[in-house]
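Dear colleague,

Please find below the structure I promised to hand over. My notes on it follow directly after.

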Amino acid sequence: MVLKIFFPQCCNRADSGLLVGRWIAGHDSAVVLAVIHYPFIPGQVKQYVQQMQAQSGVELSVLGSWSLPKDGQEGMESFLRDLSTIFPQKCWLQISRQMGKTGFTCNILNRAQNGGAAQQKVTKKKDEEDVKSDGEAGGEEEDKEEEEEEEKVIFVHYEQRKVMLSQLHPIENGVPDPKTDPPSELRQMFQTVAHSQPLFFLDKYDDGPLKSTHWQSEGREASIIVELLKQASVPLCLLLSWLLSLWTWICNIRIFSLYPLRFLSSKLSTCVQLSYRTQHMRTLSSPKPAAGHTQFMRKANILVSFLVDVALGMLLISWLYRDNHITMLANTLVPAADHVAKELEELLQWLMGAPAGLKMNRALDQVLGRFFLYHIHLWISYIHLMSPFIEGILWYGGLSACLGLTFALSLLSDMVALLTFHIYCFYVYGARLYCMKIYGLSSLWRLFRGKKWNVLRQRVDSCSYDLDQLFIGTLLFTILLFLLPTTALYYLVFTLLRLVVVLFQGVLHLSVDFINSFPLFAVGLRICRSYRLAEGVKFRVLCDEPGTALHLLMELNPLKCSTVVQTYRTPTYSCYPKDSWAALVKKLFVGELIYPWRHKTTKAD
C-alpha cells in the first residue's frame with residue numbers, strides 16, 4: 001500500500017519538532033497541519049492537541065516527528081523517535097530533511113500488538129560503500145528492495161492557506177454524491193484543513209509555552225475594516241429588521257388585500273421588484289450567521305448586487321437631475337406620443353382602403369377602421385389631458401432610482417405599458433375577433449365531416465346532422481371564410497405592433513433580472529482569487545531525487561466561469577416566457593393572447 005502524506009509548503013523549513021495532523025480514516029493518508037517546535041513539554045502538547053480537537057471538531061493527533069538538523073542538534077532525531085512511546089499511534093512518522101536538499105526521508109515505526117515498535121525504513125540514502133562490500137548480486141537485490149520500499153510513501157505538498165480558504169466543488173463526471181456516499185480522500189483532506197482554523201491562531205507573538213509553524217505562524221491575517229464592518233453589522237441588521245417588519249405590517253393592511261389592488265400589484269413590474277427586494281433584505285438582515293458555503297455565497301451575491309444596483313441608480317439620478325434633463329424628456333414625450341398616434345391613423349386609413357392591392361370586405365373594413373380610429377382619438381385626448389402632469393410624474397418617478405437601477409427600469413416598463421395601452425387594446429380586439437373566426441371555422445369544418453367536439457371526453461366524436469343543420473353550417477362557414485382575410489389583416493398589423501412593445505419590455509425585464517440574479521461576488525472571487533472556488537486539483541512532480549520519496553505539488557483547478565454563474569446564480573422571479581417557440585407560434589396563429597407580464601409566484605433557479 002502507498003502511504004500519502006499531505007505536507008504544507010510552509011513547514012518545509014520549520015524547526016525540528018512534532019507533526020500535528022490527522023489520519024484520514026479508510027485511506028492510507030495523513031494530513032500534516034502544523035509543526036510544534038522543540039523545546040516543548042509532552043504533557044502540554046497533549047493538552048494543546050486535545051484543546052484544539054475540541055474547538056475544531058477534527059480528530060487531531062501527533063503524527064510523528066519532523067527533523068531539520070542544525071548545529072548543536074546532533075541527537076535530535078533519536079530524541080524525537082523516542083517520543084513515540086509517549087504519543088502512542090498505530091504508525092509513527094519520522095520525517096527528516098537534510099540542509100541543501102529538496103527531498104525528505106521518512107521512517108515509519110509500526111507498533112506491534114505486544115506494544116513493541118518495529119521500524120520500517122521507507123526511504124533511505126544510497127550508501128555506495130555498503131553496496132560495494134556486499135557484492136553485485138546482493139547489491140542488485142537491495143536496490144530492488146529499496147525501489148519497492150521507496151514506492152510506499154508519496155509526499156503531496158499543498159499551499160495551506162489556499163486549501164483552507166478554497167471550496168472544493170463536486171466534479172460533474174465521476175464524483176460521488178457526498179449525501180449518499182462517504183466523502184472522498186481529497187474532500188476529507190480539504191475539510192480537515194478548513195475545519196482546523198483554531199490550530200492556526202497560535203503565532204510567534206503569543207506568550208504560550210508552545211511555538212508552531214503553519215501558514216499563519218508569522219502573524220494572524222486580519223483587516224481592521226473587516227472587523228469594524230462585523231461590529232457595525234449587528235445594529236444595522238437589527239435596524240433593517242425593524243424597518244422590514246414595519247413595511248410588512250403596512251403591506252398586510254386589509255385595504256391592500258382587496259382584489260383590484262392585489263391584481264395590479266401582481267402585474268406591475270415595480271411592485272414585483274419591490275417584493276423581490278424586500279425578500280432580499282430579509283435574507284441580509286437575518287442575525288444568524290450563514291449555515292454553510294452556499295448560504296454565505298448567496299448572501300454575499302445579494303449584498304454585492306444590491307450595492308451595484310444602488311450605485312447605478314445614483315448615477316442615473318445624477319444624470320436626470322443635471323442640466324434639466326427631466327424637462328427635456330417631458331417636452332419630448334408628448335410630441336412623440338402625438339407622432340405615434342398620427343402614424344397609427346395613417347396606418348388605419350391605409351387599411352381602410354386597398355392595402356397592398358388586396359380587396360377587402362368593405363363593410364367590415366370600414367367598421368373596424370372607424371372603431372380603431374375612435375380609440376386613437378380617445379387616446380390623444382388622454383395624452384393631452386395628462387401633459388401638464390408628465391414632468392412632475394417623471395421628476396418624482398426618477399427618485400425611485402435611489403432604490404436601485406432595477407426600480408427605475410421596472411417603473412419605465414410600467415410607463416411604457418401605460419403609454420401603449422391603446423396598442424394593447426387594438427391587439428386584444430383583433431386577436432379576440434380573429435380567434436372567434438378561427439375556432440368557428442374549425443367547428444364548422446368538423447360539421448362538414450360529420451364530426452363534433454366532445455367537451456366531456458375532450459375528443460372528436462362522430463355525429464349525424466340533418467339537412468337544415470348542414471345548410472346553416474354551410475352559410476356560416478362561407479360568411480366566416482370570406483370575412484377572415486379582413487380580420488386577419490388587422491390582427492396581423494396590430495400583433496406586429498404589440499410584439500414591438502413586448503420586445504422592448506422584454507429587454508427591460510431581462511436587464512432587471514440580470515442585475516438581480518447575476519452572481520457578481522462569485523464571479524469577482526473567481527477572477528481575483530480563483531483558488532477560492534476549486535473544481536478539482538492537479539499534481540506535478542516537484543522532486544524525484546535518488547534516495548528520497550516521490551514529492552508531488554498539488555495545485556487547485558479553478559471553477560469555470562460558466563459553472564460559477566450557473567452554480568451561484570440567485571433565484572429570481574421568472575421574466576422569460578413559459579411557452580416554447582413552437583407553442584408561441586401556435587398561439588399567434590390561432591389568435592390566443594400573449595401576456596408578457598411576469599408572474600410573482602414562479603421562480604427561475
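Where is the place of Asn 324? Asn 324 is in the loop between α10 and α11. Helices here are DSSP runs of H or I with at least four residues, strands are runs of E with at least two, and both are numbered from the N terminus.

Please note that this is a predicted model, in which local features need pLDDT of at least 70 and side-chain atom pairs count only at pLDDT 80 or more, while totals for chains, interfaces and linings use all residues. Residues are numbered from 1 along each chain as its sequence is written, and side-chain values use heavy atoms, with hydrogens and water left out.

The loop between α10 and α11

Phi of Asn 324 is near 60 degrees, a positive value in a residue other than glycine. Asp 323 lies in the loop between α10 (293-320) and α11 (325-351), and its phi is also positive, at about 60 degrees, although Asp 323 is not a glycine. Most residues other than glycine have a negative phi, and most peptide bonds are trans. Asp 323 counts as exposed, at 58% relative accessibility (buried means under 20% relative accessible area, exposed over 50%, and partly exposed in between, with a 1.4 Å probe and protein chains only).

The chain as a whole

The secondary structure of the chain comes to 18 helices and 16 strands. Of its 605 residues, 40% count as buried. The chain exposes about 35000 Å², of which carbon and sulfur atoms supply 62%; accessible areas come from the Shrake-Rupley method with a 1.4 Å probe, and for residues only the protein chains shown count as cover. Among contacts between residues at least 6 apart in sequence, 72% join residues at least 24 apart, where contact means heavy atoms within 4.5 Å.

Helix packing around α15

The axes of helix α12 (residues 362-398) and helix α15 (residues 467-517) come within 10 Å and cross at roughly 25 degrees. Axes are lines fitted to C-alpha atoms, for helices over the stretch in contact, and angles run from 0 to 180 degrees between N-to-C directions. The two helices α12 and α15 are therefore roughly parallel to each other (angles under 35 degrees count as roughly parallel, over 145 as roughly antiparallel, 65 to 115 as roughly perpendicular, and the rest as oblique). On the α12 side, the contact is made by Leu 364, Asp 365, Leu 368, Gly 369 and Phe 372, and on the α15 side by Leu 483, Thr 486, Thr 487, Tyr 490 and Phe 494.

Helix α14 (residues 421-448) also packs with α15, at an angle of about 150 degrees and with the axes 7 Å apart. That angle makes α14 roughly antiparallel to α15.

Towards the two ends

The peptide bond from Tyr 38 to Pro 39 is cis, with omega near 5 degrees. Pro 39 is found in the loop between β3 (29-37) and α1. Within helix α1 (residues 42-56) one finds Gln 50, which is exposed, with a relative accessible area of 56%. Gln 50 and Leu 60 are ten residues apart in sequence and 7.6 Å apart in space, C-alpha to C-alpha.

Helix α18 (residues 581-590) is hardly covered, with one buried residue among its ten. Just after α18, Gly 591 takes a positive phi of about 90 degrees.

With kind regards
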